[in-house]
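Subject: Structure handed over, with findings

Dear colleague,

Please find the structure below, followed by an account of what was found in it.

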Amino acid sequence: MPPGDATESVASNRPPRNSVTTVSIRALNYLELESHLDRSGIGTATAQQRAALSHTDVDVVTSPWRGGHPAVGSLSAAVGRGAFRDYDLAHCNLVGPGSVAVARHATANGIPLVLHSHVTREDFAESFRGSTTVAPFLGRYLKWFYSQADLVLCPSAYTKSVLESYPVDAPIRSMTNGVDTDSLAGFEELREEYRRKYDLSGMVVFAVGNVFERKGLTTFCEVAEATDYDFAWFGPYDTGPHASRTVNRWVANPPANVTFTGWIDDIRGAFGAGDVYLFPTKNENQGIAVLEAMACGKAVVLRDIPVFEEFYTHGHDCLKCDTDAEFRRALDLLSRDPELRRRLGENARETAAEHSLDRVGERLEATYEALLDGRVPDP
């Protein structure tokens with residue numbers, strides 16, 4: 001049996017739900033270290049899952065522990081009440097010890113377990129100092145961790161193929177992270193404020209998110225050095241001992257036309273200030289910020305990597321490039337041709353609409369229902 005399809009039914013000791021009755025599902029949607037990940041891609045994806053589920057009949061629980069904290073849960077267990085809250089299904093978004101504990105509890109108690117693969121060996125590399133060295137060991141851990149699931153969810157067919165190559169011994173299904181258009185409403189009104197704040201003018205080329213070499217930092221800066229446009233990267237960067245040497249080098253001594261803003265209070269300001277979203281990333285599972293830029297009607301220039309093939313079409317809703325020279329030519333073309341910029345942006349907005357949170361919520365609810373009925377959902 002091929003990897004990723006090792007079983008097409010969940011644990012046999014779970015009685016099927018009565019599909020005639022309409023009982024809401026009480027689902028754990030868990031992100032350990034949540035307070036530290038609120039501006040990360042994983043944090044955004046988790047928040048979007050919860051926002052999507054708020055329009056369904058699923059009752060979401062965000063902490064597995066009685067009292068909302070593992071220490072309180074441990075005290076509860078000590079007096080015989082158990083450490084874990086009651087829920088029908090567990091959905092974990094990270095891979096650390098808290099998620100391992102939830103997975104073990106779910107397996108021991110016949111609770112359907114969904115593990116969401118926001119982390120792979122491939123996209124962990126070139127993120128922090130030493131991450132490339134650690135990545136192969138992480139791959140072995142992820143193979144074990146994800147194989148515990150009744151279902152592994154991942155953001156793209158590309159990520160599904162990566163997990164199957166490990167191989168992960170569990171059913172795997174791809175599901176878009178979606179895009180929260182409501183959270184972006186009013187971005188246009190912040191344009192002048194953020195352009196003044198960061199001294200930006202003309203056609204502004206921008207990126208959004210944590211500053212990592214994996215996301216194409218060196219390409220971003222080298223392309224900027226060869227052009228006259230203002231470039232801005234809106235998002236936090238590390239300067240401590242775990243920061244990569246490449247990030248430290250570029251942030252400490254950026255090209256004259258590149259601004260690293262660091263943390264910004266309102267991410268809508270980035271999409272208001274910028275004109276062309278440049279994302280020369282080397283590896284992605286999907287890229288939520290791309291969808292956010294598209295939802296704002298921005299022209300998008302991407303590195304031509306496999307994950308983007310399933311979502312975006314060159315010349316229709318984006319431009320795709322392989323080399324620094326191609327990135328420069330794409331930016332020059334968009335500068336000379338505002339009509340092309342407008343058309344790409346309009347088509348991009350339509351593409352983003354296909355990833356609405358309403359659709360994500362419907363698919364998540366159907367996925368939970370299938371697992372509770374003892375089935376793995378169709379691809």
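Helices (H or I, at least four residues) and strands (E, at least two) are DSSP runs, numbered from the N terminus. Strand 5 and strand 6 (residues 172–174) are parallel and share three bridges; two strands are taken to pair if DSSP finds at least two bridges between them.

The model is a predicted one, in which local features need pLDDT of at least 70 and side-chain atom pairs count only at pLDDT 80 or more, while totals for chains, interfaces and linings use all residues. Residues are numbered from 1 along each chain as its sequence is written, and side-chain values use heavy atoms, with hydrogens and water left out.

Surroundings of strand 5

Strand 4 (residues 113–116) is also joined to strand 5 by three bridges, and these two strands run parallel. Here Val 114 has Leu 151 as its bridge partner in strand 5. In a regular strand the side chains alternate between the two faces of the sheet. In strand 5 (residues 151–154), Leu 151 and Leu 153 point one way, Val 152 and Cys 154 point the other way, and all are buried. Buried means under 20% relative accessible area, exposed over 50%, and partly exposed in between (1.4 Å probe, protein chains only).

Together with helix 6 (residues 157–165), strands 5 and 6 make a right-handed β-α-β unit. A crossover is right-handed if, with the strands pointing away from the viewer, the path from the first strand over the helix to the second runs clockwise. Thr 159 lies in helix 6 and is buried, with a relative accessible area of 0%. Leaving aside residues up to four places away in sequence, Thr 159 touches Ser 117, Thr 120, Cys 154 and Asn 285, where contact means heavy atoms within 4.5 Å.

An open sheet of six strands has the order 9-8-7-10-11-12, with parallel pairing. Strand 9 (258–262) and strand 12 (319–321) are at the edges, each with a single partner strand, so one side of each has no neighbour in the sheet. From one strand to the next, the twist averages 25°. Strand 8 (residues 230–234) is joined to strand 9 by four bridges in the parallel sense, and Phe 231 has Val 258 as its bridge partner in strand 9.

Helix 13 (residues 324–336) lies across strand 7 (204–208), strand 8, strand 10 (276–279), strand 11 (299–303) and strand 12, and runs at about 170° to strand 11. For such values, axes are lines fitted to C-alpha atoms, for helices over the stretch in contact, and angles run from 0 to 180 degrees between N-to-C directions.

Nonpolar cores

A nonpolar core is a set of buried Ala, Val, Leu, Ile, Met, Phe, Trp, Tyr and Cys residues joined through side-chain atoms within 4.5 Å. The largest has 71 residues, and Tyr 146, Phe 234, Tyr 277 and Tyr 312 have the most contacts inside it. Helix 11 (residues 288–295) provides the largest share of this core, six residues. Both domain 1 (25–178 + 357–373) and domain 2 (186–354) give residues to this core, so it lies between them; the domain bounds come from an automatic or database domain assignment. A second, separate core has 29 residues, among them Val 205, Val 211, Trp 233 and Leu 319.

Eight of the eight residues of helix 11 are buried, so the helix is largely enclosed by the rest of the structure. Its buried residues are covered by elements including helix 1 (41–53), helix 10 (268–273) and helix 14 (338–353). Gly 297, which follows helix 11, has a positive phi near 75°.

In helix 8 (residues 217–225), seven of the nine residues are buried, so this helix too is largely enclosed by the rest of the structure. Among the buried residues of helix 8 are Phe 220, Cys 221 and Val 223. Thr 219, which is in helix 8, counts as buried at 11% relative accessibility. Not counting residues up to four places away in sequence, Thr 219 touches Pro 280, Arg 303, Asp 324 and Phe 327.

The chain as a whole

The secondary structure of the chain comes to 15 helices and 12 strands. Of its 379 residues, 54% count as buried.

With kind regards
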